[in-house]
Amino acid sequence: MDFEFIRGNVPLYVEAAGITLRISFLGILLSTVIGLLCSLVKVFKIPVLGFVVNCYIEISRNTPLLIQLFFLYFGLPKLGIVLSSEGCAITGLAFLGGSYMAEAFRTGIEQVPKIQTETGLSLGLTKWQVFLHIILPQAIATSVPVFCANIIFLIKETSVFSAVALADLMFVAKDLIGIYYKTDEALFMLVTAYLMILLPISLLCSWVERRVRYAEFGNSSAVPGK
Amino acid sequence: MKQEVILTTKNLKKSYDNEQLVLKDMSFSLEKGEVVVVVGPSGCGKSTFLRCLNMLEPIDSGTISFKDQVIERDRKDAYTIRQKIGMVFQSYDLFPHLTILGNILLAPLKVQKREKQELIQEAEQLLKRVGLLDKKDAYPRQLSGGQKQRVAIVRALMMHPEILLLDEITAALDPEMVREVLQVVLELAKEGMTMVIVTHEMEFAKAVSDRVLFMDQGLVVEEGKPEDFFTSPQTERAKQFLNTFHYEAI
Ligand SMILES: Nc1ncnc2c1ncn2[C@@H]1O[C@H](COP(=O)(O)OP(=O)(O)O)[C@@H](O)[C@H]1O
Ligand SMILES: [Mg+2]
């Protein structure tokens, strides 16, 4: 291992990690919004939209991110829509993540027992009030584990962004290998960079999971500092 | 003096998924202040009947009226009428993500938009009555089954319902907790609350009811005053049913 080389290229990796993180953050944020909207459409069984959402989910889940990106980067310009590398990356990640988030929220919503809805209705709440005040808070709590797993999955998926010429971590690593043939060093730094991003997020996720788990409402022993 | 009738059903028929009728022809009326107990073998349609009364289930035919107003599940006024018909279920159905006070205040705050301070006072008074004031900030999972059911009753009462429907509210409780819940119901009955109660606690049924309906296979087979029904049932099916509660006869 050429540690001099590694040290010298740290700034490059830091910059690339920044790009990876920024795109992950925006992509995941959009995924969450898309996911919530889609899950609402499915749970409330909204006619035409429901069909559209189903199609979207099937396409999104059954095609690789790489191909989705190629479509955005090479296909869309032919239709007159030109996205920047970063635009493609964020859109692609949101397109992929939206369907995963939708399924996570839908499962969470469906796991809330039916009697909770009936109790709400029998108290005179409207369907929407029942959803907002009774179902959603419980559904979010139950979706947290899958939601967290999705976040980590999506961050890992970002490693294909270099394919649309985005200067992310993978791109930098490939670049260094191409120019200097320092394969070991470049890959070592790549793995380290991803670990440094993913490990803290993973730990944060398990902490959040422990705190909000459905069964733990009011379990003071599960809430640190209480 | 004729009492005011507040709830009636006429020729109510109900099936699930268009299969066999679960309620075959229920005509029923409830007067203000009356406590009606519904008994009958498991699966005879008692829960379905209560759920229909609260518009939780669509019905096949017949009508349900609240104070001379025909009610329908799909109409907007269903929500307004439901506020006047409280219901407590067999399972512990408190909202697990809200504290006891949160559970109790949710509907009056969101639906009736009442003043929060005034609601808290009322809630505390009711909680005190059922002996649970010290639990107001606890979460449902920290309560026993009997305590949860008492909270569920308080939660329903906070909406000031004109009718309370209770569906086997002690059936899932450990025996030692049954009494504390039934005590609350007995007190409500004494205060003149109008109730339709499904129960398997025959002693309680005898004590609380003004009238007993005996259902079997989706029909009211026998109806009468509790003192008559429990001591000298008229139909063979009611006799058989009541016999299952006499262990010494075995
Ligand atoms: N959601 C449902 N879907 C289909 N069948 C049901 C449903 N709920 C109840 N039933 C059936 O309807 C009948 C009456 O049930 P129910 O009203 O719960 O009786 P009870 O409360 O007297 O025990 C039973 O045969 C039961 O299997
Ligand atoms: Mg039942």
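In this predicted model, Ser24(A), Ile28(A), Ser31(A), Thr32(A), Leu36(A) and Leu40(A) of H1(A) meet residues of H6(A), namely Phe131(A), Leu136(A), Phe147(A), Ile151(A), Leu154(A) and Ile155(A). By class, this contact of H1(A) with H6(A) comprises 9 nonpolar and 3 polar residues, with no charged ones.

**Helices H1 and H6 of chain A**

- Helix H1 of chain A covers residues 3–43, and helix H6 of chain A covers residues 127–157.
- The axes of H1(A) and H6(A) come within 11 Å and cross at roughly 140°.
- H1(A) and H6(A) are therefore oblique to each other, since only angles over 145 degrees count as roughly antiparallel.
- The crossing of H1(A) and H6(A) is right-handed.

**Helices H7 and H8 of chain A**

- Helix H7 of chain A spans residues 169–180, and helix H8 of chain A spans residues 183–212.
- Their axes come within 8 Å and cross at roughly 170°, which makes H7(A) roughly antiparallel to H8(A).
- On the H7(A) side, the contact is formed by Leu169(A), Met170(A), Ala173(A), Leu176(A) and Ile177(A).
- On the H8(A) side, these residues are met by Thr183(A), Ala186(A), Leu187(A), Leu190(A), Ala193(A), Tyr194(A) and Ile197(A).
- The contact of H7(A) with H8(A) divides into 11 nonpolar residues, 1 polar residue and no charged residues.

**Interface of chain A and chain B**

- In chain A, 24 residues are in contact with 26 residues of chain B.
- Between them, chain A and chain B bury about 2,200 Å², of which 63% lies on carbon and sulfur atoms.
- Across this interface of chain A and chain B, 1 salt bridge is found.
- Arg51(B) forms a salt bridge with Glu118(A), and the closest N and O atoms of the pair are 2.5 Å apart.

**Salt bridges**

- Side chains of opposite charge can pair when their charged atoms come close.
- Over all chains, the structure holds 22 salt bridges.
- Within chain A, Glu4(A) forms a salt bridge with Arg7(A), the closest N and O atoms being 3.7 Å apart.
- Glu4(A) and Arg7(A) are 3 residues apart in helix H1 of chain A, so about one helical turn separates them.

Note on methods. Residues numbered from 1 in each chain as written. Chains lettered and ligands numbered in written order. Predicted model: local features only at pLDDT ≥ 70, side-chain atom pairs only at ≥ 80, totals over all residues. Heavy atoms only, no water. Axes fitted to C-alpha atoms, helices over the stretch in contact; angles between N-to-C directions. Helix = DSSP H or I, 4+ residues; strand = E, 2+ residues; numbered from the N terminus. Parallel < 35°, antiparallel > 145°, perpendicular 65-115°, else oblique. Left-handed = near helix turned anticlockwise from the far one by under 90°. Contact = heavy atoms within 4.5 Å. Nonpolar A, V, L, I, M, F, W, Y, C, P; charged D, E, K, R; others polar. Buried area = accessible area lost by both parts, 1.4 Å probe. Salt bridge = Lys/Arg side-chain N within 4 Å of Asp/Glu carboxyl O.
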